[in-house]
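Let's walk through this fold together, one question at a time. Keep the viewer open and follow along.

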Amino acid sequence: MTTPVHAMPSSNTPRPWHKSFWPWFLIALPAIAVVASSWTFYIALRSDDGVVDDDYYKQGQAINQDLGRDRAAAAMGINAQLMLGSDRRSVRVLLNKPLDNAAALQLDLLHPTRSGQDQHLALKQEGPLMYSGQLTTALVQPRWDVELGDSSNHWRLRGLWQPGSGEPLQLGAPH
């Protein structure tokens, strides 16, 4: 006995949709977009990239005052060495000559791109030429912009510091 022709399975029977490639491909495209946008949103919330100041004109004018502080340091003949302590949480500054007034020193470690990671330290005097301070967090970034000055903003020294090099940073006024 032979099976009738109409009872044989047909090769034209459609496969279920979940076993086909194209529906999954079309579902994957928006799913990838959702995951990527969620990740971008997370990165934007997590990172502090600073904000453009509304009063940029005043900041531009303040640059001239800052240049005057650099010239004042050169006129006073002040130089300094900045060293990272062995615990990597303390910094020491050694001046080349004692200051006329016993003003406190201010050390600013400025992150090149993220102002939220900047550190501002009031240094304590340990001797006529030695000052020290404690970092609030470890210096993770390999490169920092450094500003050292008196607390009354009369002079400042600037430099670029790579704490991981093990070498002290020589700070001097620009000529």
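Two strands are said to pair if DSSP finds at least two bridges between them. Please keep in mind that this is a predicted model.

Q: Which residue in β5 does lysine 124 stand opposite?
A: Strands β4 and β5 (residues 130–134) pair in the antiparallel sense over 2 bridges. A hairpin of 4 residues joins β4 to β5. Within this pairing, the residue opposite lysine 124 is serine 132.

Q: How many bridges join β3 to β4?
A: Look at aspartate 108, which stands opposite histidine 120 in β4. The strands β3 and β4 run antiparallel, and the number of bridges joining them is 5.

Q: Which residue in β6 is the bridge partner of leucine 105?
A: Strand β3 (residues 105–110) also pairs with β6, in the antiparallel sense and over 6 bridges. Leucine 105 has its bridge partner in β6, and that partner is aspartate 150.

Q: How many of the 7 residues of strand β6 are buried?
A: Strand β6 covers residues 144–150 and pairs with β3 over 6 bridges, while β6 and β7 (residues 156–161) likewise pair in the antiparallel sense over 6 bridges. Buried means under 20% relative accessible area. Strand β6 is mostly covered, and the number of its residues that are buried is 6.

Q: Which residue takes a positive phi in the hairpin of β6 and β7?
A: Strands β6 and β7 are antiparallel partners. Their hairpin has 5 residues between the strands, and the one with a positive phi near 60° is asparagine 153.

Q: Which residue in β2 stands opposite glutamine 81?
A: Strand β1 (residues 79–84) pairs with strand β8 (residues 169–172) in the antiparallel sense over 4 bridges, and there the bridge partner of glutamine 81 is glutamine 170. Strand β1 is also joined to strand β2 (residues 90–95) by 5 bridges, again antiparallel. In β2, the residue opposite glutamine 81 is leucine 94.

Q: Which residue takes a positive phi in the hairpin of β1 and β2?
A: Strands β1 and β2 run antiparallel. Between them the hairpin has 5 residues, and the one with a positive phi near 60° is arginine 88.

Q: Is histidine 111 buried or exposed?
A: Histidine 111 sits in the loop between β3 and β4 (119–125). Not counting residues up to four places away in sequence, histidine 111 touches Gln117, Asp118, Gln141 and Trp144. The side chains of histidine 111 and glutamine 117 are also joined by a polar contact of 3.4 Å. With a relative accessible area of 10%, histidine 111 is buried.

Q: Which residue forms a salt bridge with arginine 158?
A: Side chains of opposite charge can pair when their charged atoms come close. For arginine 158, the closest N and O atoms are 3.4 Å apart, and the partner is aspartate 70.

Q: How many residues apart in sequence are the parts that arginine 158 and aspartate 70 tie together?
A: At 41% relative accessibility arginine 158 counts as partly exposed, whereas aspartate 70, at 4%, counts as buried. Arginine 158 lies in strand β7 and aspartate 70 in helix α2 (residues 56–76), so the pair ties together parts whose separation in sequence, in residues, is 88.

Q: How far apart are the closest N and O atoms in the salt bridge of arginine 143 with aspartate 145?
A: Arginine 143 is partly exposed, with a relative accessible area of 35%. Aspartate 145 counts as partly exposed too, at 29%. In their salt bridge the distance between the closest N and O atoms is 4.0 Å.

Q: What accessible area do the residues of the nonpolar patch have together?
A: Leucine 26 is found in helix α1 (residues 21–46) and, at 55% relative accessibility, counts as exposed. On the surface, Phe21, Trp22, Phe25, Leu26 and Leu29 form the nonpolar patch, and their accessible area together is about 570 Å².

How values were computed
Residues numbered from 1 in each chain as written. Predicted model: local features only at pLDDT ≥ 70, side-chain atom pairs only at ≥ 80, totals over all residues. Heavy atoms only, no water. Buried < 20%, exposed > 50% of the residue type's maximum accessible area, 1.4 Å probe, protein only. Polar contact = N/O pair within 3.5 Å; in protein donor to acceptor, adjacent residues only side chain to side chain. Contact = heavy atoms within 4.5 Å. Patch = residues over 30% accessible without salt bridge, like charges linked within 9 Å, V, L, I, M, F, W, Y side chains within 5 Å. Areas by Shrake-Rupley, 256 points an atom, 1.4 Å probe, with all protein chains shown as cover. Salt bridge = Lys/Arg side-chain N within 4 Å of Asp/Glu carboxyl O.
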